[in-house]
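Please keep the sequence and the structure in view while reading.

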Amino acid sequence: LLSRRFYKRKRNMIWHIFYTASTGEISWSTSGDISEEIKSHQNEAYGLSYKQVNYDDMPDPELYYLNDNTDLSTKNIFNPTFSSDNWTIDSTISVTGLPAGTEVFLDGVSKGTMSDTTLNLNINESGIYVLMFKKVDYRTWSMKKHTVKAT
C-alpha cells in the first residue's frame, strides 16, 4: 500500500507561460506542447512574451506574475480598511491600506488610479454598488454588492 504522503506530494512540471513583458502579467499558460509557430504567433498577434518554468502548480494569472520577467512570484493581496460599514447618502467613506497606483472601479467602470494610499468615496445616491481594486502584481479585489441606503 502507498502512504498518504505519496499522494500529497506535488510533481514539478514544465509550464509554458505567455505574458506581457512590461508588467509580468500572465495571459495564459499550459503544460502541453508549444511549438515555435505558436510562440511567434502569440508575440506577433498579441505582443506576448514567452517563458518556460518548472513549477508544482498551474501558474494561475489571478495568483501569479513574472517578477522582472524571470521568476514566477505570488501576487500581493489588497488589505483595505473602510472607515465605516454603514454607507449612507451624503456620507464620505475613507478607504486606507491601498497602495498608490491602484485602479478603482465602481460597477465595472474605472474611476481612475490612486496617486496616494487613501481613497475617499463620496456617496451621492442610494443603490447597490460593486467596488473593485486592480494593480499590477496584486490579486484583483472585489467587494460584493454593497447597498447604500437613504438616511
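Val95 has Leu119, a residue of strand 10, as its bridge partner. The model in which this pairing is found is a predicted one, and its protein chain comes to two helices and 14 strands.

**Sheet of strands 6, 7 and 10**

- Strand 7 and strand 10 run antiparallel and are joined by five bridges.
- An open sheet is formed by three strands in the order 6-7-10, with antiparallel pairing, and its edge strands are strand 6 (residues 81-82) and strand 10, each of which pairs on one side only.
- As a general point, the strands of a sheet pair through backbone hydrogen bonds, in either the parallel or the antiparallel sense.

**Hairpin of strands 4 and 5**

- Strand 4, at residues 64-67, pairs with strand 5, at residues 71-74, in the antiparallel sense over four bridges, and Tyr64 has Thr74 of strand 5 as its bridge partner.
- Three residues lie between the strands of this hairpin, in which Asp68 takes a positive phi near 55°.
- Ser73, which has its place in strand 5, has a relative accessibility of 15% and therefore counts as buried, the cut-off being under 20%.
- When residues up to four places away in sequence are not counted, Ser73 touches Leu63, Tyr64, Tyr65 and Asn67.

**Nonpolar cores**

- The largest nonpolar core has 18 residues, and those with the most contacts inside it are Phe82, Trp87, Leu119, Leu121, Leu131 and Phe133.
- Two or more residues are given to this core by each of strand 7 (92-96), strand 10 (118-122) and strand 12 (131-134).
- Another core, of eight residues, lies apart from the largest one and has Tyr19, Ile26, Tyr64 and Leu72 among its members.
- Phe82, with its neighbours within four places in sequence left aside, is in contact with Trp87, Ile93, Ser94, Val95, Leu131, Trp141 and Met143.
- In soluble globular proteins in general, nonpolar side chains tend to be buried together.

**Largest pocket**

- The volume of the largest pocket is about 210 Å³.
- Its lining consists of Trp87, Leu106, Leu119, Asn120, Leu121, Asn122, Ile123, Asn124, Glu125, Tyr129 and Leu131.
- Strand 10 supplies four residues, the largest share of the lining of this pocket.
- Trp87, Leu119, Leu121 and Leu131, named among the residues with the most contacts inside the largest nonpolar core, are also among the residues that line the largest pocket.

- The relative accessibility of Ile128 is 53%, so Ile128 counts as exposed, for which the cut-off is over 50%.
- Although Ile128 and Asp107 are 21 residues apart along the chain, their C-alpha atoms are separated by 9.0 Å.

**The chain as a whole**

- Of the 151 residues in the protein chain, 31% are buried.
- The protein chain exposes about 9900 Å², of which carbon and sulfur atoms supply 46%.
- Among the contacts in the protein chain that have a separation of 6 or more, 51% are accounted for by residues 24 or more positions apart.

Technical notes:
Residues numbered from 1 in each chain as written. Predicted model: local features only at pLDDT ≥ 70, side-chain atom pairs only at ≥ 80, totals over all residues. Heavy atoms only, no water. Pairing = 2+ DSSP bridges. Core = buried A, V, L, I, M, F, W, Y, C linked by side-chain atoms within 4.5 Å. Buried < 20%, exposed > 50% of the residue type's maximum accessible area, 1.4 Å probe, protein only. Contact = heavy atoms within 4.5 Å. Areas by Shrake-Rupley, 256 points an atom, 1.4 Å probe, with all protein chains shown as cover. 1 Å grid on protein atoms, 1.4 Å probe; cavity = no way out; pocket = protein on both sides within 12 Å on 5 of 7 lines; lining within 4 Å. Points joined across faces, edges and corners; volume = space filled by probe spheres on them.
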